[in-house]
Amino acid sequence: FVCCISNFAQSQLMMLSPPPAWDKLEISPLGVDPAKFTPRPFREQPIPFEVLCVGRLVPVKGQFILVEAVARLIAEGRQLRLCLVGDGPDRQGLEDEIKRQGLTGQIILEGAVNQDRILEFYTRVDAFVLASFAEGLPVVLMEAMIMEIPCITTHITGIPELIKTGNNGILVAPSDIEALAKAIAQ
């Protein structure tokens, strides 16, 4: 048998295999440790509003879209700060864009963080945002969800199996900067 982490993953394998083999595809969803990732305190009137994104700094993760959405909200006068946790080949380009927009005080590139430090980032945020163009089933999204952090992400691949708009988060179309900015503002 083949263990699939989501219905989406199963569908991709079904696309590549003959129908008689489909009964060998089992779904076994991923999970996170609820003893380690516990709900964090809710901030009633957060100023600045703290936004977190965790992921490799690569084109598929859509961090440039997120930076632009945050830049638009700041230009509207909203007080918010974005922390990007992760590293990768897009780091220099993101640094350059953040400097070009004059947002070095509001958008922080934290760099790579070991799993033993990730909790400190989750515990101090008001929203978690993942602006990806492609994903499987993001563990970072599950970590944020179990900590009861409002999640905003894209309506792609396996993510709609986790997030339902209006129920436990907000889904937006990938690459839609305006919709992403509105969801963060909401």
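Reader: How do the residues lining the largest pocket divide by class?

Author: The lining splits by class in this predicted model, where local features need pLDDT of at least 70, side-chain atom pairs count only at pLDDT 80 or more, and totals for chains, interfaces and linings use all residues. Numbering starts from 1 along each chain as its sequence is written, and side-chain values use heavy atoms, without hydrogens or water. Ala, Val, Leu, Ile, Met, Phe, Trp, Tyr, Cys and Pro count as nonpolar, Asp, Glu, Lys and Arg as charged, the others, Gly among them, as polar. The lining has 10 nonpolar, five polar and three charged residues.

Reader: How much space lies in the largest pocket?

Author: A pocket is an open set of points on a 1 Å grid over the protein atoms alone, where a 1.4 Å probe fits, with protein on both sides within 12 Å along at least five of seven lines; lining residues have an atom within 4 Å of a point. Its volume is the space filled by probe spheres set on the points, joined across faces, edges and corners. The value is about 250 Å³.

Reader: Which lining residues are closest to the centre of the largest pocket?

Author: The lining holds 18 residues. Strand S7 (151-154) and H6 each give two or more of them; helices (H or I, at least four residues) and strands (E, at least two) are DSSP runs numbered from the N terminus. The closest to the centre are Phe 49, Asp 126, Ala 127, Pro 150 and Gln 186.

Reader: At what angle do helix H2 (residues 63-75) and helix H6 (residues 177-185) cross?

Author: Axes are fitted to C-alpha atoms over the stretch in contact, and angles run from 0 to 180 degrees between N-to-C directions. The two axes come within 9 Å. The angle is roughly 60 degrees.

Reader: Which residues of H6 meet H2?

Author: Contact means heavy atoms within 4.5 Å. H2 brings Ile 65, Leu 66, Glu 68, Ala 69, Val 70, Arg 72 and Leu 73. From H6 come Ile 177, Glu 178, Leu 180, Ala 181, Ile 184 and Ala 185.

Reader: How far apart are the axes of H2 and helix H3 (residues 91-100)?

Author: H2 and H3 pack at about 15 degrees. Their axes are 11 Å apart.

Reader: Which peptide bond is cis?

Author: Pro 48 is in the loop between strand S2 (25-27) and strand S3 (49-54). Omega is about -5 degrees for the cis bond joining Ile 47 and Pro 48.

Reader: What is phi of Thr 157?

Author: Thr 157 sits in the loop between S7 and strand S8 (170-172). Its phi is positive in a residue other than glycine, near 35 degrees.
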